[in-house]
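Here is a briefing on pockets, sheet and aromatic pairs. Please keep the structure open while reading.

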Amino acid sequence: GKTTTIVEAIKFAPENKILLAAFNKEIAQELTKRVTDERVQCKTLHSLGFNYIRYAWKNVSVDSNGQRAWGLAQGAAPSAPDNIVRLIADLHTKVREVAPFARTTADIAEIAYRFDLLPESEEKVWNEERVFSAALSAVREASRPTPVIDFADMIFLPLVQDLVRPWFSLVVVDEAQDMTVAQLELATRSCKKGGRIVVVGDDWQAIYAFRGADSGSLDRLKTALNAVELGLTVTYRCPKSHVARCQSIVSDFTAADVAIEGTILT
């Protein structure tokens with residue numbers, strides 16, 4: 001009931017400009033239908049980042065064909081064969097998505113090993129060191145102002161170019177366990193000084209680490225924001241017998257008093 005709680009709670013929020021950050025475009029569109037309050041903007045963080053870029057740089061266009069990533073990789077490794085250019089393109093794109101402040105080849109290596117973006121072991125000319133160095137060069141080049149951006153840039157450039165504007169008095173992040181560190185950084189920077197940040201998520205649903213999600217985000221943000229934790233531990237969806245079975249894994253999972261007993265057949 002996380003999203004249901006958000007939708008209801010926003011009605012009581014006193015702030016006059018509210019960001020409701022959604023995990024993806026489909027969820028943002030659904031939230032826009034459910035939240036009709038004119039104070040609230042329902043956006044993905046990529047959409048928000050794109051707004052910051054367009055606010056600072058006029059007439060920016062979006063590359064959806066991978067040409068920007070490929071061009072950056074080719075520029076960093078002009079003599080490399082196509083398979084290595086593709087590897088470097090994938091690597092520098094992943095770095096921009098999840099580690100925008102990477103500054104050294106060691107930073108690049110951490111991402112490469114984490115996401116298995118490595119040259120083949122038998123590759124002699126374009127070994128790991130050379131690939132990591134080229135990817136770092138591509139990331140540095142990508143951080144410059146540009147008339148053409150890609151999807152990764154929508155989070156990357158607002159952070160590294162300091163384009164984020166604190167436009168919102170209240171920032172609410174839904175499904176925070178699915179967001180990357182970079183996405184969450186963009187969200188928190190979007191809050192005005194003295195404003196409020198509400199981070200909503202479930203660490204038991206953190207299944208997107210393979211895509212770069214910050215699976216420890218809830219505990220990390222609770223500490224960083226000195227936040228009060230409000231637990232949503234009662235389920236209104238599941239029968240009591242099902243909840244009892246699940247409690248061996250999630251101990252504070254509780255069935256609603258009005259829930260049916262239910263039957264477990266298998």
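By class, the second largest pocket is lined by seven nonpolar, five polar and five charged residues. Ala, Val, Leu, Ile, Met, Phe, Trp, Tyr, Cys and Pro count as nonpolar, Asp, Glu, Lys and Arg as charged, and the others, Gly among them, as polar. The model is predicted: local features need pLDDT of at least 70, side-chain atom pairs count only at pLDDT 80 or more, and totals for chains, interfaces and linings use all residues. Residues are numbered from 1 along each chain as its sequence is written, and side-chain values use heavy atoms, with hydrogens and water left out.

**Second largest pocket**
- The space in this pocket is about 320 Å³.
- A pocket is an open set of points on a 1 Å grid over the protein atoms alone, where a 1.4 Å probe fits, with protein on both sides within 12 Å along at least five of seven lines; lining residues have an atom within 4 Å of a point.
- Grid points are joined across faces, edges and corners, and the volume is the space filled by probe spheres set on them.
- Of its 17 lining residues, His46, Phe151, Thr180, Gln183 and Arg211 lie nearest the centre.
- Helix α5 (residues 82-98) gives the most to this lining, with three residues.
- Helices (H or I, at least four residues) and strands (E, at least two) are DSSP runs, numbered from the N terminus.

**Largest pocket**
- This pocket holds about 1800 Å³ of space.
- Its lining has 46 residues, and Lys2, Val200, Gly201, Leu230 and Leu232 lie nearest its centre.
- Two or more lining residues come from each of α1 (2-10), β5 (168-173), β6 (191-199), α10 (217-224) and β7 (234-235).
- The largest share, seven residues, is from α1.
- By class, the lining has 26 nonpolar, nine polar and 11 charged residues.

**Sheet**
- Four strands form an open sheet in the order β2-β1-β5-β6, with parallel pairing (at least two DSSP bridges between two strands).
- β2 (40-44) and β6 are the edge strands, each pairing on one side only.
- Twist averages 25 degrees from one strand to the next; axes are lines fitted to C-alpha atoms, and angles run from 0 to 180 degrees between N-to-C directions.
- Five bridges join β1 (residues 18-22) to β2, and alanine 22 stands opposite threonine 44 in β2.

**Aromatic pairs**
- The whole structure has three aromatic pairs, with ring centres of Phe, Tyr or Trp (its six-membered ring) within 6.5 Å; planes under 30 degrees apart count as stacked, over 60 as edge-to-face and the rest as tilted.
- Tyrosine 52 and tryptophan 167 have ring centres 4.8 Å apart and planes at 50 degrees, so the pair is tilted.
- Tyrosine 52 sits in helix α3 (residues 45-56) and tryptophan 167 in the loop between α8 (153-160) and β5, 115 residues apart.
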